[in-house]
Amino acid sequence: MAQDSTYAPLPQSVLFCCDHNSVRSPMAEGIMKKLYGKQCYIQSVGVKNDLEIDGFAVAVCAEMGVELSRHRSRSFDEMEDWGDDLSSFDLVLALSPASQRRALDLTRFYHLDVEYWPILDPTGLGESREARLDSYRKTRDQIMNKLVSRFGPASV
């Protein structure tokens, strides 16, 4: 499918990163895979790997047909241990300031684009279950809007 020239070309590989790889970056990975299918290799990592996938993130992504329940969180260090070389990615999209710093530090020797997308961290927001879900939906929708404005409408 030909891409509209008003959007950036879809890279061959994208790495999303955030603090724990439990909310924002797995949401972004899943949503991008849903939007653009197998046209692009997509992964996600965190600065740390100390949390499992967040249940609220799983729930709000399931509302749009994105499966996250099998996601296993991993850190930058684990990614490299498992054989994913950072230099093999065309674009790193950092969704938190800490992950942007880590990505820039790790990529200083590579010719690799690192972009910072200030995406809302919904953890801890909202008093009730519904209020918390609304915060996670805002994050999900913010990610979706950033992807579509950067790469165009879904192509699968």
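Author: Glu 63, Glu 130, Asp 134, Arg 137, Arg 140 and Asp 141 are joined by salt bridges into a network. The model is a predicted one.

Reader: How many salt bridges does a search of the whole structure find?

Author: The search gives 11.

Reader: Which residue does Glu 130 form a salt bridge with, and how far apart are the closest N and O atoms?

Author: A salt bridge is read from a side-chain nitrogen of Lys or Arg within 4 Å of a carboxyl oxygen of Asp or Glu. Here the partner of Glu 130 is Arg 137, with 3.0 Å between the closest N and O atoms.

Reader: Are Glu 130 and Arg 137 buried, partly exposed or exposed?

Author: Buried means under 20% relative accessible area and exposed means over 50%, with partly exposed in between. Arg 137 has 19% relative accessibility, so Arg 137 counts as buried. Glu 130 has a relative accessible area of 44% and is therefore partly exposed.

Reader: Where do Lys 33 and Glu 29 lie?

Author: Both belong to helix H1, which covers residues 24-36. They are 4 residues apart, about one turn of the helix.

Reader: Which class of accessibility does Lys 33 fall in, and which does Glu 29?

Author: Lys 33 is partly exposed because its relative accessibility is 36%. Glu 29 has a relative accessible area of 9%, so Glu 29 is buried.

Reader: What salt bridge does Arg 108 form?

Author: Arg 108 pairs with Asp 105, and their closest N and O atoms are 2.4 Å apart. Arg 108 counts as exposed because its relative accessibility is 53%. Asp 105, with a relative accessible area of 40%, is partly exposed.

Reader: In which sense do strands E3 and E4 pair?

Author: The sense is parallel, over 4 bridges, between E3 (residues 91-94) and E4 (residues 113-116).

Reader: What do E3, helix H4 and E4 make together?

Author: They make a β-α-β unit, and the unit is right-handed. Helix H4 covers residues 97-106.

Reader: Which elements of the chain have the lowest and the highest mean pLDDT?

Author: The lowest belongs to helix H3 (residues 76-81), with a mean of 84. The highest belongs to helix H2 (residues 55-62), with a mean of 97. For the chain, the mean pLDDT is 90, and 96% of the residues reach 70 or more.

Terms used:
Residues numbered from 1 in each chain as written. Predicted model: local features only at pLDDT ≥ 70, side-chain atom pairs only at ≥ 80, totals over all residues. Heavy atoms only, no water. Helix = DSSP H or I, 4+ residues; strand = E, 2+ residues; numbered from the N terminus. Buried < 20%, exposed > 50% of the residue type's maximum accessible area, 1.4 Å probe, protein only. Pairing = 2+ DSSP bridges. Right-handed = clockwise from strand over helix to strand, strands pointing away. pLDDT = per-residue confidence, 0-100.
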